[in-house]
Amino acid sequence: MEATWQHLERLKTRVGLELPPELLTWWALMDGVDDQRDHGAGNRSVELIPKGYLPLSVARAEEEYARQSQYPDPGCCTPGGTHLKQAGTNGFPYCTAVLPIGRSVDGGLLCVDLRQGEHHGRVMEWYASEGIYDSGWASVTEILDEIAERLDDGEPPAGAV
């Protein structure tokens, strides 16, 4: 867990924005299951998040953030680190105020929107061809609630074989 907290502190410094408390709690309880060997081999049995996403570890979230933030949305991300669009707003190619928390087999990212506004903490989806857009989940808590409901109902996690 110490390595997770060290990675988390480094990630928070890199991003420079407030992370939602439920995301910090999620990472404190479970630091992802994104083993690249399993993911690359198509092991879909660990897709805990609906829509086929694997939860990213803090270290992998930082790697994805660093890779994608090289291509900031010119209509949102300013050189000074502020954002012209409010949380929950679509953008292209990538907004540096969205933090990846999950990755799908087809290259999509599940992200938490850290921009200011009423929808701070909203979960967004990102694809290279589409940019960032609303996922339908208002927060990490909604994702976790959906997973818990499926498990309580005896349903396997999304994508489980």
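A residue is called buried when its relative accessible area is under 20%, exposed when it is over 50%, and partly exposed in between. These words will guide the tour of this predicted model.

**First stop: Glu-64 and Arg-67**

Please select Glu-64. At 1% relative accessibility, this residue counts as buried, because the value is under 20%. Glu-64 and Arg-67 form a salt bridge, and their closest N and O atoms are 3.2 Å apart. Both residues belong to helix H4, where 3 residues, about one turn of the helix, separate them. Arg-67, at 39% relative accessibility, counts as partly exposed.

**Second stop: Glu-63 and Arg-60**

Remain on helix H4, which covers residues 58–68. Select Glu-63 together with Arg-60: this pair also lies in the helix, 3 residues apart, about one turn. A salt bridge joins Glu-63 to Arg-60, with 3.1 Å between the closest N and O atoms.

Arg-60, Glu-63, Glu-64, Arg-67 and Arg-103 are linked in a network of salt bridges. Side chains of opposite charge can pair when their charged atoms come close. In the model as a whole, the count comes to 12 salt bridges.

Next, select Lys-85 and Asp-73. The two form a salt bridge in which the closest N and O atoms are 3.0 Å apart. Both residues lie in the loop between H4 and strand S2 (98–104), so the pair ties together parts that are 12 residues apart in sequence. Lys-85 counts as partly exposed, at 23% relative accessibility. Asp-73, by contrast, is buried, with a relative accessible area of 3%.

**Last stop: Ser-139**

Finally, move to Ser-139. Where is Ser-139 found? Its place is the loop between strand S5 (131–134) and helix H5 (140–152). With a relative accessible area of 15%, Ser-139 is buried. To see what surrounds this residue, display Glu-22, Gly-121 and Val-123 as well. Ser-139 is in contact with these three residues, when its neighbours within four places in sequence are left aside.

Key. Residues are numbered from 1 along each chain as its sequence is written. This is a predicted model: local features need pLDDT of at least 70, side-chain atom pairs count only at pLDDT 80 or more; totals for chains, interfaces and linings use all residues. Side-chain values use heavy atoms; hydrogens and water are left out. Helices (H or I, at least four residues) and strands (E, at least two) are DSSP runs, numbered from the N terminus. Buried means under 20% relative accessible area, exposed over 50%, partly exposed in between (1.4 Å probe, protein chains only). Contact means heavy atoms within 4.5 Å. A salt bridge is a side-chain nitrogen of Lys or Arg within 4 Å of a carboxyl oxygen of Asp or Glu.
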